[in-house]
Amino acid sequence: MAALVATEAAAPPGPAEAAEAAELSRALSRLLPGLEADSKLGRRRALEALQRALEAARPEAPASDPAAAAAAFQGPWARLLLPRLLRCLADPAEGCRALAAHLLGLGLRRAARPRDALPRLLPALCARLVGPAPARRPPPEACEELRLALVQLLRLAVDLGGAALAPHLDDAVRVLRCTLLDPFAAVRRESCACAAGLARATPDHFHMQSESLISPLMQTISHQHWKVRVAVIEATGTVVQFGSGESVDAVLPHFAQRLFDDVPQVRQAVTCVVGGWLLELRDRYSFFPKLIPLLLSSLDDDMPAIAQAAAGLWEKVGLQWQRENEEDLKDKLDFASPPPAHHPTPENRPGLGCRELVFRNLSKILPAICHDVTDWVVGTRVKSAQLLAVLLLHAEDRATQHLDVLLRALVRACADDEKAVVSSCTRSAELIGAFVSPDVFLRLLWPMLKKSPSASGLLVLASVIRGCPREALQPHLKAIATELAQVHICQGSENHEYGESLLFCVRALLAVCHEDCRGPSLQLMEVLVTVLAFADATGLGDKVLETMDALAALERGGDRRALYREHVGPLLERLAGSHHNWTVHCVEFLQFSVLVTHAGPALGAALPALVPILRSCLQPARDPQMRLKLFSVLSLVLLRAKETLDSQGQFHSYLDTVIKDILVPNLQWHAGRTAAAIRTAAVSCLWALISSEVLSTTQVRDVQGALMPQVLTTLEEDSPMTRLTSCRVINVFLKASGGVIDPDKFIKIYPELLKRLDDVSNDVRLAAASALVTWLECIGKDDGLSRSQSDIQYLYRELLVYLDDAESTVQDAVLEVLKAGSVLFPDLLVTETEAVIHKHRSPAYCERLLRHVQAGPPAQ
């Protein structure tokens, strides 16, 4: 009151103002006693009357002199209204308190010196909004709408009071610390705006109290309402801007978390606030390593508007720093270097200031990025990987001094299950390839891959190769291909990811070096064959074949066959040194299988190296599973022998080795299911050989002489497929013999075939019948036919039994056999048929046979 009197004394009102003030005082004096009424209704009516009086009262001064009206209102307001309205803020009636808060707002707006009310207003607001223990008890004002009105009143006082709030800063901060944690979201939002206004209103004193607001702001920054989160972020920006720089460290972790917010407005608020700090914060230079990552992280935001805003702010930051350090950058500004020739986006190269800022702070930023890129939270890993690529784009070749740390971090990160992380890390590796010399990154990568080959390490290698310019990579091409073909890398793992990364390395070399890959094509081919060897486990077969086609196209426009023709010999020679120790699981054996399967016509020229390996690996003492797999591969090749093994017409030179050293030992009977499976595979291989049409009739006879006894034994195998194939092989042997065969051996064939007519498989029975037809045709050419009459008679009798078989197809096949044999001893056949015709269920087939014999030519 003393201050008020002193102020009024210092500026005495004029006559008109005094008269108006006196009139207003008389009007208010009639209404003010009602505020002391005992009844709630009486107090409310008095407050409503005051509201009408204040809203209806219009100054008599002309509109051009609002200051006079405010001066006239100042006296009655400070002397009569303010004290009583402040007491009404504690009225038991909620409606009275609301009207009092509204009237206080009207009074502050109309008063000439609203700052004079601050000494009374701030303690009253503090009493209503701050409890004795705010952390544990609710504030005295229970109504949330009233709390909002009181905070709005405080904001009005801040806006009108300005610097006069400095002596009352402690009360204002106490109020805000409570209201920032209010349960009502609107109160929190208004409190944020009030805190920002308070910081701007008292710039010279606010830093002494700013830190006390940081804790409640950070507790509110994760509020469920996104508008509250935005308000908190913006208020924090202003509080830190005008407050203590020490608060930045406490705020940054929370801001970093808000960059993962699902609401774009929240992320945009963080971007704008951090950009503002980088431009205007007093101690911004000391916080560059912490603020730069936050702003650069927004460059990769999903929302284009946020990314554009971040780019604009970052450009301003770089230009401002460039102007502030112009002397330090004088040489670089005067003699600006052009973008590197192999810069990925030279038209969008960051400015000098931005590049220098990143480079000078890179050593402080990288450790945290390399740590976060393997964080357990997916979002953190994604953001860190994206940020790393942005940093490398700014650092350019000056990232070389941090290359060891970078490569190790990338190798770890590229093993991530999250595709977004791997994509950003491969982008970073490409940038390293673009800006760093291959001498440097290869010297660091090879020891890592030698110590612990991994899919992620190979993926990093493939990425740096893909980013490297051709002229820089060309001198190292042969060394890279040779290193990739080394056993510890090429055969490092059989899983899909490893094989795919190894394939990426080859593809990267082809994409970058083009025709230069002709020199190390043998090493690249070895890598591709190895990846193809694991295709069953990795599923990469089609991709490998596509890559082979690309490599072949570089070889003077050739195709894949030309590639095999050039390299199958050297590759087989490399494998020949270890074939004595192969098992089915050996990588070398898998490589050999790939070469045999895919080389095609190139095998015809590689027989000198191929056949010895086959002979060694198919000996009975070797791994049974390996022999099974190899017989399957050999069968496929022999089916197309003219296009593969005999493409040069030289296979006949190795026929004796294939028959005597490979097939004969494996057709010998041995106990066990595995041995039976091998015999099946060997018979299938024999069938593929004799049906491929590469053998002449004489050669087939030679094969028959060596293998007929073994093939006859396989007619008793458990496998229906083996029995079927054996019948077919015997049929071919008989056709090729033309009847020229040892009679003693020849006569032993038909009993074995006759047994197969009782086989459980109809296919085997039909094949045996077909072979019997051929056998009868052959014996008809024998001059000593009369010696075989008893055998033929026995055969007639047995065949007549099957002529009454339950299967019509078997009956038809047996009828054809008997027709073929009827030319030998027709009278004998008629006698035997007539003797059994009455025993058959149906005489139809016997009658057909008799008609055929009677119509046929007489036996010679």
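Mentor: Rings of Phe, Tyr and Trp (its six-membered ring) form a pair if their centres lie within 6.5 Å; planes under 30 degrees apart count as stacked, over 60 as edge-to-face and the rest as tilted. The model is predicted, so local features need pLDDT of at least 70 and side-chain atom pairs pLDDT 80 or more, whereas totals for chains, interfaces and linings use all residues. Residues are numbered from 1 along each chain as its sequence is written, and side-chain values use heavy atoms, without hydrogens or water.

Across the whole structure, the search returns 7 aromatic pairs. In one of them, Phe 746 and Trp 775 are stacked, because their ring centres are 5.2 Å apart and their planes meet at 10 degrees. Phe 746 belongs to helix H38 (residues 743-746) and Trp 775 to helix H40 (residues 762-779), so this pair ties together parts 29 residues apart in sequence; helices here are DSSP runs of H or I with at least four residues, numbered from the N terminus. Phe 746 and Trp 775 are both buried, that is, under 20% relative accessible area with a 1.4 Å probe and protein chains only.

Trp 775 also pairs with Tyr 750, in a tilted arrangement with 5.0 Å between centres and 45 degrees between planes. Since Tyr 750 lies in helix H39 (residues 749-755) and Trp 775 in helix H40, the second pair ties together parts 25 residues apart in sequence. Tyr 750 is buried, as is Trp 775. With Tyr 794 included, the picture is of one aromatic cluster made of Phe 746, Tyr 750, Trp 775 and Tyr 794.

Most residues other than glycine have a negative phi. His 514, not a glycine, has a positive phi of about 55 degrees, and is placed in the loop between helix H26 (496-513) and helix H27 (521-533). Glu 693, likewise not a glycine, has a positive phi of about 65 degrees; its loop runs between helix H35 (673-690) and helix H36 (697-713). His 514 counts as partly exposed because its relative accessibility is 32%, while Glu 693, at 62%, counts as exposed; exposed means over 50%, and partly exposed lies between the two limits.

Notes: Helix = DSSP H or I, 4+ residues; strand = E, 2+ residues; numbered from the N terminus.
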